[in-house]
Amino acid sequence: MPVTAARELAYTLILPLMAGIGLVHLVVVLLSVLTTVNLIGVPMLALSLVAARGLGTVNRRLAGALIGARTTDPAPFRPGKGLFRWVGAALVDATGWRAVAHALIRLPAAALALATAAGLWGGGLVLLVSPVWRLVPEGWPSAALLSPAGLALLFLAPRGLRLALSPERLLARTLLGPSASEARIRRLERARAFAVDDAVARLRQVERDLHDGTSARLVTLAMSLGLAREELELGHRPDHLERARALVDGAHRDAKETVAELRDLIRGILPPALDQGLETALATLAARTPIPVRLHADLPERPDASIEVVAYFCATELLANVVRHSGARHAAVDVRGGDGRLTLVVRDEGAGGAASGAGSGLRGLADRVGAVDGAMDVHSPQGGPTVITVTIPLHL
Amino acid sequence: MRIVIAEDAAMLRDGLRMLLAARGRDVVAAVGDGEALRAAVAEHRPDVAVVDVRMPPTFTDEGLRAAIRIRRDHPGVGVLVFSQYVETRYAARLLADGADGVGYLLKERVADVRDFLSALDRIAAGETVLDPEVVTQIMGAGQRAEALAALTARERDVLALMAQGRSNTAIAGALFLSYGSVEKHVSQIFAKLGLPPSDHDHRRVLAVLRHLQV
């Protein structure tokens, strides 16, 4: 018997116990609700809701370990100090109430799983061994039929039970895990942490570029000019003048290179073309990309400036990936706005096989998109084509 | 004069080497990180090591730490720490074990070639060179400014140059004063701040900096 089937069977065998405890607990909750008019019921209800949390945890762990319904843990119970706060927090604890709902709604689901297990595993076993136990007095002919029938049932049992456990799985996932709003809060928390880290990392990068690049160049430039000045001061002999000329030539070249480098650096921080709108900036980007890029833009309303920046950097990064990895000879960028969302699609006919796994550039991009509550979809089978779709809100 | 350069920006490293060679200094090694610097100093025993503060792999204070270890391991080697920022903490760490043959300058000082070379000469001779910007920051900070309130404006000018490691002669030249009046200002300063008088320029620097609680 495969391990999963054994686990699912074990889960089903524990079900009566868990469902039974849940039922008893439900009765306690009901009694507490009925007695809330006496005020005794209020702390009792609070207690039983906290207990519901515990029961929910046990159910969640079982479902996760045995039937593959894994969810993240909901936020822990954090009451304030003092009895009244504790009671208050327990009474409005969504996780507790959801666990109570689970105990109630899971009853038919548990019954279904149990009945299926009894029918398939139990029935199959009984039929298989019935000839041996002489349950059927007729003798060989019927035994020859019953044993294969039992085998058939046993063969179907794992699949049947897995199917019958689907409602249990669904309930565990939806009622015992974090609620939708809780999950959203967590996602936003992660996005916020990423946004802050990302901002710091970018500042550090800018600082380093200025320090190692521009600043070092300017110091060198000043040094050449200082030397040249000394050569000029040293007199008017031809060799001094010649050296001074060479130094000024070098400084002149350095100055021009520094300006070009600084321009690239500035564009990396924030492209000036974005002031004219996303479409203009993307057109400039397309023109600067080493392979031909077909750009189509349809933006009836202008997105927030910060959204334009995110979309622009996505396009920059994705086009750079196309050039670097895909081997495609041209690419297409499509940006549209509507229904409050901006959709950016970057397409190429290259080698495909782009993955947004951990450590890839696409992962960082997905995080950045997530930071503005957006999503990124990567479609890139081996052999191409690669289509990457970024969807972000038009306004934050 | 034999010099080792440690600077990770190749352009600046080459520029420095060219400048020093053009002015008759012997650059015996030019390296790009702290480890290589310590190896080069151990091998060549130069008169001065010119050290960039920020170098790989951490790009924080690699050079400073290497400089401090060089001062400990090779007391005869002068160290000029070369930085794009003024960081009084760095100066304090560098001077913690004494101030003779130590310098801390902003990188752009290299543009005034003569001053830069004379700074190298002074460090090689065991004197102290502190960037005017460092001294300004030290003297400008709140409680220190209070400590200096008793000094006249002229005395403060003299103190600043003293803290940069200048000799009385150099101070006289810079402020267009006679040697005698500089001496008078110096003894006034030491009296007002309650410092034990000292003839050695680098000890003078230390006394002043300690007084300013660097």
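Q: What percentage of the 396 residues of chain A count as buried?
A: This is a predicted model. A residue is buried if 20 or more other C-beta atoms lie within 10 Å of its own. Of the 396 residues of chain A, the part that counts as buried is 28%.

Q: What percentage of the 214 residues of chain B count as buried?
A: Chain B holds eleven helices and six strands. Of its 214 residues, the part that counts as buried is 45%.

Q: Among contacts in chain A between residues at least 6 apart in sequence, what percentage join residues at least 24 apart?
A: Chain A has eleven helices and five strands. In chain B, 63% of the contacts between residues at least 6 apart in sequence join residues at least 24 apart. For chain A the corresponding value is 72%.

Q: Which helix gives the most to the side of chain B that touches chain A?
A: In all, 15 residues of chain B are in contact with 14 residues of chain A. Two helices of chain B, α1 and α5 (113-124), each supply at least two residues of the side that touches chain A. The residues of that side divide into nine nonpolar, two polar and four charged. The helix that gives the most, with five residues, is α1(B).

Q: Are α7(A) and α1(B) roughly parallel or roughly antiparallel to each other?
A: Helix α7 (residues 180-233) of chain A and helix α1 (residues 10-22) of chain B pack with their axes 9 Å apart, at an angle of about 15°. Angles under 35 degrees count as roughly parallel. The two helices, α7(A) and α1(B), are therefore roughly parallel.

Q: How many nonpolar residues are in the contact of α7(A) with α1(B)?
A: The residues of α7(A) that meet α1(B) include Val219(A), Met223(A) and Leu227(A), and among those they meet are Met11(B), Leu12(B) and Leu19(B). By class, this contact has two polar residues, one charged residue and, as nonpolar residues, eight.

Q: Does α8(B) pass α9(B) in a left-handed or a right-handed crossing?
A: On the α8(B) side, the contact is made by Asp157(B), Val158(B), Leu161(B) and Met162(B), and on the α9(B) side by Ile171(B), Ala174(B) and Leu175(B). By class, these are six nonpolar, no polar and one charged residues. The crossing of α8(B) past α9(B) is right-handed.

Q: Which elements are included in what covers the buried residues of α3(B)?
A: Helix α3 (residues 62-73) of chain B has twelve residues and spans 16 Å from its first C-alpha to its last. Its buried residues include Leu64(B), Ala67(B) and Ile70(B). What covers the buried residues includes, from chain B, β1 (2-6), α2 (34-44), β3 (48-52), β4 (78-83) and α4 (88-95).

Q: Does Glu349(A) count as buried or partly exposed?
A: Glu349(A) lies in the loop between β3 (341-348) and α11 (361-371) of chain A. Leaving aside neighbours within four places in sequence, Glu349(A) is in contact with Ala328(A), Gly384(A) and Pro385(A). A residue is buried if 20 or more other C-beta atoms lie within 10 Å of its own, and exposed if 12 or fewer. Because Glu349(A) has 16 C-beta neighbours inside 10 Å, it counts as partly exposed.

How values were computed
Residues numbered from 1 in each chain as written. Chains lettered and ligands numbered in written order. Predicted model: local features only at pLDDT ≥ 70, side-chain atom pairs only at ≥ 80, totals over all residues. Axes fitted to C-alpha atoms, helices over the stretch in contact; angles between N-to-C directions. Helix = DSSP H or I, 4+ residues; strand = E, 2+ residues; numbered from the N terminus. Parallel < 35°, antiparallel > 145°, perpendicular 65-115°, else oblique. Contact = placed C-beta atoms within 7 Å. Nonpolar A, V, L, I, M, F, W, Y, C, P; charged D, E, K, R; others polar. Expected span 1.5 Å × (residues − 1). Left-handed = near helix turned anticlockwise from the far one by under 90°.
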